[in-house]
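Thank you all for coming.

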Amino acid sequence: VLLQGETGTGKELSARVIHLNSLFKDDPFVVFDCSAVVGTLLESELFGHEKGAFTGADTTTKGKIELAENGTLLLDEIAQLPLSIQGKLLGFLQRKEYTRVGGSRVLKSNCRIIAACNCDLADRVIKGLFKQDLFYRLKVFMIEVPPLQERLLDIPLLVEHFLSKINLELGTRVTKLQDGVMERLVDHTWEGNVRELMNCIERAVVL
């Protein structure tokens, strides 16, 4: 599954919903942010490494693919994955086999990959920044997660949900908005999408 949408639209939440409605819902759901790890460590984080594979590798460590077991691995910000790692990921998707960094033993995994990005991945393929064959392996089923501006009717439901969530977390008892506030929320542009709306509601409750 490939999820495409602007930052803050809820791609990770969408991935969790897919996982929880699958046959693998009782298996792990693992998130790996491809943009949050320096390039030299990406391969180790994804595939794991053997003890002594590099300086500081004091123990054998499982990678995210291994930790996902038979569940779901969400590769967030997949566009940030270097071309060298893209080739190894493609090999895993084709064979369901991989080796840890510094290892020789072939390991197998049946984890399902969900990839997410906030850009047009097809455009990155055209620019030579993303492998075309990996792109086609990832987009077996593609979901475009629309920005909040394109689903304004969701705002009242989201506000109700966020109020319940925030009250539970903060021990507050805010149950409704003042007259006219909902109209102003619907009129706002929400460049930060659902994440910005949640921040706005939480700030209002705190104040």
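**Salt bridges and a helix pair**

Let me start with Lys88, which is partly exposed, with a relative accessible area of 42%; here buried means under 20% relative accessible area, exposed over 50%, and partly exposed in between, with a 1.4 Å probe and protein chains only. Please keep in mind that this is a predicted model, in which local features need pLDDT of at least 70 and side-chain atom pairs count only at pLDDT 80 or more, while totals for chains, interfaces and linings use all residues. Residues are numbered from 1 along each chain as its sequence is written, and side-chain values use heavy atoms, with hydrogens and water left out.

Which residue does Lys88 form a salt bridge with? The partner is Glu43, and the closest N and O atoms are 2.7 Å apart, where a salt bridge is a side-chain nitrogen of Lys or Arg within 4 Å of a carboxyl oxygen of Asp or Glu. Because Lys88 lies in helix H4 and Glu43 in helix H2, the pair ties together parts that are 45 residues apart in sequence; helices (H or I, at least four residues) and strands (E, at least two) are DSSP runs, numbered from the N terminus. Glu43 is itself partly exposed, at 23%.

These two helices also pack: H2, residues 39-47, and H4 have axes 10 Å apart at an angle of about 15°, with axes being lines fitted to C-alpha atoms, for helices over the stretch in contact, and angles running from 0 to 180 degrees between N-to-C directions. That makes H2 roughly parallel to H4, since angles under 35 degrees count as roughly parallel, over 145 as roughly antiparallel, 65 to 115 as roughly perpendicular and the rest as oblique. On the H2 side the contact (heavy atoms within 4.5 Å) is made by Leu42, Glu43, Leu46 and Phe47, and on the H4 side by Ile85, Lys88, Leu89 and Phe92.

Turning to the other charged pairs, a search of the whole structure finds 9 salt bridges. In one of them the side chains of Arg16 and Glu12 meet at 3.1 Å, N to O, and both residues lie in helix H1 (residues 11-20), 4 residues apart, about one turn of the helix. Asp123 forms a salt bridge with Lys127, and of these two Asp123 is partly exposed at 31%, whereas Lys127 is exposed at 57%. Finally, Glu50, Glu66 and Arg100 are linked in a network of salt bridges.
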